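Hi,

Here is the structure I promised to pass on to you. Have a look at it first, and then read my notes below.

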Amino acid sequence: PIAAQLSNHRKQRRYLMRSPRDFFKPLALGAPQPLADIPVRPSRMIHFFDPSNPKMAEKAPSIASRVDILLGNMEDAVAIDNKEAAREGFIRIARENDFGDTQLWTRINSLDSPWFLDDIHRIVTEVGDKIDVIMLPKIQGAWDIHYADQLLAQLEARAGIQRPILLHCILETALGVANVESIANASPRIQGMSLGPADLAASRRMKTTRIGGGHPGYLVRDDPDADNPEAPRTAHQQDLWHYTIGRMVDACVSVGALPFYGPFGAIDDPTGCEDQFRNAFLMGCVGAWSLHPSQIDIAKTVFSPPADEVLWARRVLEALPDGSGAVMVDGKMQDDASWKQCKVMVDLAKLIADSDPALKKAYGF
Ligand code: GLV
Ligand code: MG
């Protein structure tokens, strides 16, 4: 009886927190072993297409050659009457094409929707070996990930999949943001997260009707001029998403996962799009969604490090060959920490240069 009690006690403890030893064991007999590290590949844009739209489906292979990640969307923006056509279209496109180095992802419907079960079951068992990542919308907490994690393991085992399919969460509910760290820690399958500014605005009751981007009403104004109180005062628009992106970047990077900006809906405002993407890039995001072909090149420009920064960073690395000590470069102090900052820039440049001859040249590799 003591042994039985002990084993019960252990089970209960495990219920609250899994043993670290179990973390890298498959959750189903015959499922592939979870990955210890998230693969780092060029991921500057996640290009969305609707596989139920025959024109977009036809263009998928040619678009794939221009993007780092191609994503077949089943969720919002796909009409209810087209949900099944989107699923069938995606399965056919995945089966019939080899997209080479371009990652193939899908965004399936949310866990509480009538389509989730068929989406995940059909896609994993029929083309699971062709997809890298499943994007899960409207994730609220770790329990959502635990459910998807176990189910995926069972489906992978059934389909005989050799390499685990990873999960990408959209951060788009107030509860999801409140739980962002525990979501990031919920499974070794967590590949990354995207900001979902449209659903998140609705969930929080923010009073913006825009998809991503700033708002002219969200601003800080200069103080009145004491000598001329009636003079016009300059106002500075602030970034509505700064707080959420900051939390997402820390939650992701603390577990070795990758943060992304999400959608920018104003296709007719490429400058605003570029600015939002760049804020995200500077804060640590690796990419953003492209909802229209015109946003592909914006993301490519923004999420490839600027050549002058890369050349500068290479000089700093050369000036501190073993990454320690302190030296001056052009009047600026460099030490172990700034060496690491520069290494981030150069590592990303190398990753991107491998598949981009023009940038390779610009970076001097
Ligand atoms: C994306 O899914 C969003 O809601 O912004
Ligand atoms: Mg959404």
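Arginine 163 comes out as partly exposed, because its relative accessibility is 39% and the buried class stops at under 20% while exposed starts at over 50%. Keep in mind as you read that this is a predicted model. The side chain of arginine 163 meets that of aspartate 132 in a salt bridge, with 3.0 Å from N to O. Arginine 163 sits in the loop between α5 (142-159) and β5, and aspartate 132 in the loop between α4 and β4 (133-136), so this pair ties together parts that are 31 residues apart in sequence. Aspartate 132 itself is buried, at 12% relative accessibility.

There are other salt bridges to look at; the count comes to 20. One of them joins arginine 87 and aspartate 119, at 2.7 Å from N to O. Why does this pair tie together parts of the chain that are 32 residues apart? Because arginine 87 belongs to helix α3 (residues 83-96) and aspartate 119 to helix α4 (residues 116-127). Both arginine 87 and aspartate 119 are buried.

Glutamate 126 and arginine 122 make another salt bridge, their closest N and O atoms being 2.5 Å apart. These two are 4 residues apart in helix α4, which means about one helical turn separates them. Glutamate 126 is partly exposed with a relative accessible area of 30%, and arginine 122 is partly exposed too, with 21%.

Now for the ligands. Which residues coordinate the magnesium ion (ligand 2)? Glu172 (OE) and Asp199 (OD) do, at 2.0 to 2.1 Å. They come from distant parts of the chain, 27 residues apart: glutamate 172 is in the loop between β5 (166-171) and α6 (174-178), while aspartate 199 is in helix α8. Glutamate 172 counts as buried, at 4% relative accessibility, whereas aspartate 199 is partly exposed, at 23%.

A polar side-chain atom of glutamate 172 is 2.9 Å from an oxygen atom of ligand 1, and a polar backbone atom of aspartate 199 is 2.8 Å from an oxygen atom of ligand 1. The protein covers 93% of the 190 Å² of accessible area that ligand 1 has on its own.

Cheers

Methods: Residues numbered from 1 in each chain as written. Chains lettered and ligands numbered in written order. Predicted model: local features only at pLDDT ≥ 70, side-chain atom pairs only at ≥ 80, totals over all residues. Heavy atoms only, no water. Polar contact = N/O pair within 3.5 Å; in protein donor to acceptor, adjacent residues only side chain to side chain. Areas by Shrake-Rupley, 256 points an atom, 1.4 Å probe, with all protein chains shown as cover. Donors = N, O, S within 2.8 Å, 3.2 Å for Na, K, Ca; no water. Buried < 20%, exposed > 50% of the residue type's maximum accessible area, 1.4 Å probe, protein only. Salt bridge = Lys/Arg side-chain N within 4 Å of Asp/Glu carboxyl O.
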